[in-house]
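Here is a short briefing on one protein chain. Please look over the sequence and the model before reading the points below.

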Amino acid sequence: MTGATVNAGTTPDSGSPASPGQVAWSGPSRFAAAYARRAEVTAQPGLERLRRLLDLLGQPQRSFPSIVVAGSVGKSSTLAVITALLEGFGVRAGSLRAPDWLGPAEQVGLGVARIPADVLERAFDDIEPYLPLVEDDGHLGARELLLAVAIAAFADAPVDLAVIESGGPGSELPGAGGFGDLADLLDVPVAAVTPVAPAWSDAGWSDSGGSDGGESGAGWSGDDWSEDGGSDGGGSAGGWSVDLAGEADEPRLDRVAAPVGTVIRSGTLVVLAQQALPAARALLRRAALAGSTVAREGMEFGVLGRRVAVGGQMITLKGLGGTYEELFLPLHGAHQAHDAAVGLAAVEAFLGGGQNQLDLDIVRAALAQVDGRGRLEVVRRSPTIVLDVADSPPAVTAVVEALHEAFGFDSLVAVVAVEGDEATAARMLAVLEPVLAAVVLTDGATAGALPVDDLAAVAGGVFGADRIEVTPRLDDALDDAVRLAEAESELGGAGVLVLGSAPVVGRARALLRF
């Protein structure tokens, strides 16, 4: 058994969907209460209230530089690499992660550790008297409050630098996984742009678009660029040879770039991950118009080599300032190696403009300590239970490729909940179908989750009725998945994968690890 049932009381509402305000919270009580009151607020588009609040506080976000990590996939891994490297080089960095799957108190960090609760409480005390002045026409959203408190805490610490995960379209809304357009609020000498998923274009998910998930197309696939896209991270990259003056696709490309391209500004060095070709065109056009300096994966930096290792992989990276060989990364999959390349290049850019190679021993030690929570994280053995916060078709594609490479299960059963609509669920399940013996469907944890009955209807068309089970309670779903996995592979080699809804993955982690 998983032990999920006996541990069910360790996280709130473990047997029923939780709202954003019901996410497990172990932070300061007054701040927690204020956050919970705003968790159900539908924030207005933009960050005008937050801007007014920061103005009243004297713009504390301008007291330190920031690295903003934007994009649609791979942001959290890239942020984890950046913070680990900065810690290794003695840079006192604050960090703010957008996804709240670990609970809001876990989103704010000081160095590689969670920021102390009393520090957040003091920051909230400083901010609280000003809240009525900016909430006269409605409350801040929970994410806006968290961002303001984090900034105040960073300024008070003080930090040398903040690393902040931005978001995509609608990211200022509850449950959307981002903090909206932050570029014009912060001093951003360096920005890292992770792959922009083709789903953000008018065409929707496209098999020809390519993405961080390893799909074919102009972006990278596995360790190499595809035929249209260039190289292995060190040579020429035809995918970057784009016509910046082209006007034919301007309206569509502008819409692709808009969610993340706002971070591309004059004076910012942009570290750009390999992209699907339409996104690459749009982002490079924006950089040309802004006069930004751009370092491109596949040309100025990239992944030169990688091989599977126990507990992760050994990688060789071409950085902006030199080559870094035999680096151990405790994360699985080609996509994580590419996230590490982006993170390393961002740190090189911040510490010296990418002109000189960083100390190899420090880089090796730092990368070996990268936070791997929720990224093919093994939380139980016999059978092996693996968690991943993959919540989109490209992310699920990357997970499937990494599972095949690093684990080699004889039989695999998945516990799945989906944040999104039926179309997203169908594409995610279609990627999973060839590698799963069975799938257990469970309730999501937010108002944006696809109802489990609707998810079951979609899954029936992908898997057939005989390979699906519907178990609304998460603790029961985990036990059912273990039972099915053990039945499928009596001699061992069975695995259970929990993925899809990030809040559900966070609750599963609490059930299985404590």
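Strand β15 (residues 384-388) is mostly covered, with five of its five residues buried. Buried means under 20% relative accessible area, exposed means over 50%, and partly exposed lies in between (1.4 Å probe, protein chains only). This is a predicted model: local features need pLDDT of at least 70, side-chain atom pairs count only at pLDDT 80 or more, and totals for chains, interfaces and linings use all residues. Residues are numbered from 1 along each chain as its sequence is written, and side-chain values use heavy atoms, with hydrogens and water left out.

**Strand β15 and its partners**

- Both faces of β15 are covered. Thr384, Val386 and Asp388 are buried on one side, and Ile385 and Leu387 are buried on the other.
- Strand β14 (residues 375-380) pairs with β15 in the antiparallel sense, over four bridges. Two strands pair if DSSP finds at least two bridges between them.
- Val378 has Val386 in β15 as its bridge partner.
- The hairpin of β14 and β15 has three residues between the strands. In this hairpin, Ser382 takes a positive phi near 55°.
- Strand β19 (residues 494-500) pairs with β15 in the parallel sense, over four bridges. Here Ile385 stands opposite Val496 in β19.

**The whole chain**

- The chain holds 15 helices and 19 strands. Helices (H or I, at least four residues) and strands (E, at least two) are DSSP runs, numbered from the N terminus.
- Of the 514 residues of the chain, 58% count as buried.
- Take the contacts in the chain with a separation of 6 or more: residues 24 or more positions apart account for 73% of them. Contact means heavy atoms within 4.5 Å.

**The eight-stranded sheet**

- Eight strands form an open sheet with mixed pairing. Their order is β4-β3-β2-β5-β1-β6-β9-β10.
- The edge strands are β4 (113-114) and β10 (293-296), and each pairs on one side only.
- Strand β2 (residues 93-96) pairs with strand β3 (residues 108-110) in the antiparallel sense, over three bridges. Gly94 stands opposite Leu110 in β3, and Leu96 has Val108 in β3 as its bridge partner.
- β2 also pairs with β5, in the parallel sense and over four bridges. In β5, Leu96 has Ile164 as its bridge partner.
- Ala93 and Ser95 point one way from β2, while Gly94 and Leu96 point the other way. All of these residues are buried.

**Helices across the sheet**

- Helix α3 (residues 75-88) lies across β1 (66-70), β2, β5 (161-165) and β6 (190-193). α3 runs at about 165° to β5.
- Axes are lines fitted to C-alpha atoms, for helices over the stretch in contact, and angles run from 0 to 180 degrees between N-to-C directions.
- Helix α9 (residues 334-352) lies across β1, β5, β6 and β9 (269-272). α9 runs at about 170° to β6.
- Gln336 lies in helix α9. Gln336 is buried, with a relative accessible area of 4%.
- Leaving aside its neighbours within four places in sequence, Gln336 is in contact with Ser77, Gln313, Leu329, Leu331 and Arg375.

**Helices α14 and α15**

- The axes of helix α14 (residues 474-488) and helix α15 (residues 502-513) come within 10 Å and cross at roughly 75°. That makes α14 roughly perpendicular to α15 (65 to 115 degrees).
- Leu474, Asp475 and Leu478 in α14 meet Val504, Arg507, Ala508, Leu511 and Leu512 in α15.
- The residues of this contact divide into six nonpolar, no polar and two charged. Ala, Val, Leu, Ile, Met, Phe, Trp, Tyr, Cys and Pro count as nonpolar, Asp, Glu, Lys and Arg as charged, and the others, Gly among them, as polar.

**Aromatic pairs**

- The structure holds three aromatic pairs. Rings of Phe, Tyr and Trp (its six-membered ring) pair if their centres lie within 6.5 Å; planes under 30 degrees apart count as stacked, over 60 as edge-to-face and the rest as tilted.
- Phe31 and Phe124 are stacked, because their ring centres are 5.7 Å apart and their planes are at 25°.
- This pair links distant parts of the chain: Phe31 is in helix α1 (residues 29-38) and Phe124 in helix α4 (residues 117-127), 93 residues apart.
- Phe31 is buried, with a relative accessible area of 0%. Phe124 is buried too, at 1%.
- Phe407 and Phe409 form a stacked aromatic pair, with 5.4 Å centre to centre and 15° between the planes. Phe407 is partly exposed, with a relative accessible area of 22%.

Note on methods
Parallel < 35°, antiparallel > 145°, perpendicular 65-115°, else oblique.
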